[in-house]
Amino acid sequence: MAETPVFQIVGYKNTGKTSLLSDLIAYGTDRGEKVAAIKHHGHEEPLKVMHLDTDSYRLHESGAFLTGVDSPRRFQLELSHEDDFPLTQLVEIYEHFSPDLIAVEGYKQDHYPKAVIIKREEDLPLLGQLTNIQLVICWDERMIDQISFPAISLKEWRKRLPEVYRLAKEGA
């Protein structure tokens, strides 16, 4: 099985990670690519089950640690586990579906190629804590000069999607 490129978009809460990742996914899928997404849920409250009061919910509540529901056009999977599931294992699961790109929101400390969103000057120290930074997206374009990585302004994001998508596919 060929290794699928993985590209992360990371940043602090409410910096626009989901919006930018959605743009990146839409760009790829509009060009016929199979893009898979993984989102890290780093909040205190637990995830809600996908479909309360369904047969799959009943199977899950009976104790199944892994529940899948398949229909002609959609497959849903729910996996219960104690701690955070390592991103590397999720990537391995995703690779069985042969995506062209696995786009990841979050998992800051993982070593996959990544774009980092910097919203405020106070966010800048994050750049010193992460590895494999390929791109920085700045809300305030005046901060670009303070950054030693390739950087673009948030205003430029959509215009630069072809370049960013190519970067995501090529990785490091």
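Just after helix 4, Gly171 takes a positive phi of about 60°. Helices here are DSSP runs of H or I with at least four residues, strands are runs of E with at least two, and both are numbered from the N terminus. The model is a predicted one, so local features need pLDDT of at least 70 and side-chain atom pairs count only at pLDDT 80 or more, while totals for chains, interfaces and linings use all residues. Residues are numbered from 1 along each chain as its sequence is written, and side-chain values use heavy atoms, with hydrogens and water left out.

Zooming out, the chain has four helices and eight strands. Read from the N terminus, these elements come in the order β-α-β-α-β-β-α-β-β-β-β-α. The C-alpha trace spans about 55 × 35 × 25 Å along its principal axes. Of the 172 residues, 37% count as buried, where buried means under 20% relative accessible area, exposed means over 50%, and partly exposed is in between (1.4 Å probe, protein chains only). A contact is a pair of heavy atoms within 4.5 Å. Among contacts between residues at least 6 apart in sequence, 55% join residues at least 24 apart.

Back to helix 4, which covers residues 161-170 and packs against helix 1 (residues 17-30) at an angle of about 85°, with the axes 10 Å apart. The axes are lines fitted to C-alpha atoms, for helices over the stretch in contact, and the angles run from 0 to 180 degrees between N-to-C directions. That angle makes helix 1 roughly perpendicular to helix 4; the label goes to angles of 65 to 115 degrees, with under 35 called roughly parallel, over 145 roughly antiparallel and the rest oblique. Helix 1 brings Asp23, Leu24, Tyr27 and Gly28 to the contact, and helix 4 brings Leu161, Pro162, Val164, Tyr165 and Ala168. Sorted by class, that is seven nonpolar, one polar and one charged residues. In this sorting, Ala, Val, Leu, Ile, Met, Phe, Trp, Tyr, Cys and Pro count as nonpolar, Asp, Glu, Lys and Arg as charged, and the others, Gly among them, as polar.

Next come the aromatic rings. Rings of Phe, Tyr and Trp (its six-membered ring) pair if their centres lie within 6.5 Å; planes under 30 degrees apart count as stacked, over 60 as edge-to-face and the rest as tilted. By this rule there is one aromatic pair. Tyr27 and Tyr165 form this tilted pair, at 5.5 Å centre to centre and with 55° between the planes. Since Tyr27 sits in helix 1 and Tyr165 in helix 4, the pair ties together parts that are 138 residues apart in sequence. Both Tyr27 and Tyr165 are buried.

Which residues of helix 4 are buried? They are Leu161, Val164, Tyr165 and Ala168. Seen down the axis, these fall within an arc of 100°, so they line one face of helix 4; the arc is that of the directions from the helix axis to the C-beta atoms. An α-helix has 3.6 residues a turn, so residues three or four places apart point the same way. The cover over the buried residues of helix 4 includes strand 1, helix 1, strand 2, strand 5, strand 7 and strand 8.

Helix 3 (residues 87-95) has Leu87, Leu90, Val91 and Glu95 as its buried residues. They cover an arc of only 140° around the axis, which puts them on the same side of helix 3. Strand 1 (6-11), strand 2 (35-39) and strand 5 (101-105) are included in what covers them.

A few single residues round out the picture. Ser153, in strand 8 (residues 151-153), is buried with a relative accessible area of 4%. Leaving aside neighbours within four places in sequence, Ser153 is in contact with Ile137, Cys138, Glu141 and Ile144. Asp123 lies in the loop between strand 6 (114-118) and strand 7 (133-138), and counts as buried at 3% relative accessibility. Not counting residues up to four places away in sequence, Asp123 touches Tyr12, Thr15 and Ile118.

Asp84 is in the loop between strand 4 (75-79) and helix 3, and is exposed, with a relative accessible area of 59%. Asp84 and His40 are 44 residues apart in sequence and 9.1 Å apart in space, C-alpha to C-alpha. Ala64, in the loop between helix 2 (55-61) and strand 3 (66-70), counts as partly exposed at 31%. Ala64 and Met143 are 79 residues apart in sequence and 49 Å apart in space, C-alpha to C-alpha.
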